[in-house]
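Have a look at the model first.

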Amino acid sequence: MKVVIAANKQNYNIVYNDVFNNTTPHNLSKLVSSESQKNVLNVKSKTPDQILSTGADGYDYSAINELLSKNAMKTFISGERQELGNVLLAGATGYLGVHVLKELLTTTNANVYRLVRAKENSKKYTLNNYFGKNCAELFDSRIFVIEGDATDPNALKNFEPNSQMTVINCAASVKHFAKNNEIELTNVNSVKNLVSWCKKNSARLVHISTGSVIGGRKNNMPPINFKFNEKMLFVGQEIDSNQYVHSKFIAERVIYEEIIKTGLNAKVLRVGNLSPRTSDGKFQMNFRTNNIMNTFRAYKILGKISYEMLGQEIEFSPIDSLAKVVLTLATTPKDCTCFMPVNPHRALMQDVIDEICHAGYKINAVSQDEMIDALQAALADESKGNSLVPLLAYANNNDIEPLGLDDADVSYTLQVLYRLGFYWSETGTAYIRKFVANLKELLFFE
């Protein structure tokens, strides 16, 4: 954090990923003094309805563009719905995975095979924590554990299904930066292994991706007012400065390649911000890994927020609703290969800050300059530094503009969900107050 901020103040344009890839002062010095930093994506400005066919690395996206162009209402309406069958669930101990598991147990007759690492093989604890003991009693009757790591090509070597199988991949590393290839190993190699198993066993794949693949804007690419949608993967966006975004982008590319080359039956769901349940406001056990919630916590610790940020819109995808969405979209026709299931309802940052203050904490609205000065000063405090990571966009003046869900058009997915009988719940004051109260009880803001 301190290296990036100090470098930016001296007009050296580096991002967090540069520090992970150049871990000595010598290597960073070579990076900022080299002409390579001045290289830009060599493409002409495009109008918003045009999609690029070639990436900066020379990759040809034309076949993927053609595949994704089929994501339209006529494809959904004319296609045949698919049966779910039994389910192999990767990432079953995660926040989304465990809610997908619960939804499978309560709304389908599917047997569920949970692929879990040995160290995660506490069969019943996660279910008990979120849902009580009733679900855990289904182990060995409808829930079966396969011990293995999806990053290992041999993890499923001995598992051969005796009926139609759908693989739902909720597994992911949500770190944005890490040393070496840790993130890629989890988010890309595991997908390659699951794809190989699906091809061998004629299974379907439902892969959970992220709306963050929209990336960022650099050198006016994608152009202002461009709307990213389900027919697109690469539109000139910047994805290399964030390891997590890059890994999820490449994982999608791997899946689309296999659909084109081998006829793999697969679909990608680009989800939004995983948020507390609508039913009771309960949040994930490892709540300190959630970037949006950590942003709220950072404002509380700093005690300040800029006036500009108060008007920012926030998308919440309640986890119980999202689990229903995953199973709903899993049954769509084979040629529907990509969806972006994000909640169309939007809260304002002001709504959340008001409820945090209502819970007894103090956060003052200030000017942008005062916000930056306060952040710079707070970063010098070792006890606060790590908690302020989500706010570093204020201190980083690099030339990459983050893009968000407001830069996306998800009307196709929304229309499909309406036709399948699903409607997103409103996430207003009552919802926010409920989860803020829960987080306060967990001492999250301390």
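This is a predicted model: local features need pLDDT of at least 70, side-chain atom pairs count only at pLDDT 80 or more; totals for chains, interfaces and linings use all residues.

Residues are numbered from 1 along each chain as its sequence is written, and side-chain values use heavy atoms, with hydrogens and water left out.

**Aromatic rings**

A pair of aromatic rings is described by the distance of the centres and the angle of the planes. The structure holds 16 aromatic pairs. Rings of Phe, Tyr and Trp (its six-membered ring) pair if their centres lie within 6.5 Å; planes under 30 degrees apart count as stacked, over 60 as edge-to-face and the rest as tilted. Here are two of the stacked pairs.

| Pair | Centre distance | Plane angle |
|---|---|---|
| Y113 and F144 | 5.3 Å | 25° |
| Y418 and Y423 | 5.2 Å | 25° |

Helices (H or I, at least four residues) and strands (E, at least two) are DSSP runs, numbered from the N terminus.

How covered are these residues? Buried means under 20% relative accessible area, exposed over 50%, and partly exposed in between (1.4 Å probe, protein chains only). Y113 is buried at 16%, while F144 is partly exposed at 24%. In the other pair, Y418 is partly exposed at 32% and Y423 is exposed at 57%.

There's also a cluster, in which ring pairs link Y59, Y61, F234 and F249. The charged end of R253 sits over the ring of Y59, 3.9 Å from its centre. Likewise, the charged end of K440 sits over the ring of Y361, 5.8 Å from its centre. For this, NZ of Lys or CZ of Arg has to be within 6 Å of the ring centre and within 35 degrees of the ring normal.

**Strand β5**

Strand β5 (residues 204–210) is mostly covered, with 7 of its 7 residues buried. R204, V206, I208 and T210 are on one side, and L205, H207 and S209 on the other. Two strands pair if DSSP finds at least two bridges between them. Strand β4 (residues 165–169) runs parallel to β5 and is joined to it by 4 bridges, with T166 partnered by R204. Strand β7 (residues 266–271) also pairs with β5 in the parallel sense, over 6 bridges; there, H207 has V268 as its bridge partner.

**A buried asparagine**

N187 is in helix α9 (residues 182–201) and is buried, at 2% relative accessibility. Its side chain makes a polar contact of 3.0 Å with that of S247. A polar contact is a pair of N or O atoms within 3.5 Å; within protein, one must be able to donate a hydrogen and the other to accept it, and residues adjacent in sequence count only if both atoms are side-chain atoms.

**Nonpolar cores**

A nonpolar core is a set of buried Ala, Val, Leu, Ile, Met, Phe, Trp, Tyr and Cys residues joined through side-chain atoms within 4.5 Å. The largest has 74 residues, and V100, F296 and F316 have the most contacts inside it. Helix α13 (residues 319–330) gives the largest share of this core, 8 residues. Another core, of 53 residues, lies apart from it and includes A150, I214, Y256 and A266.
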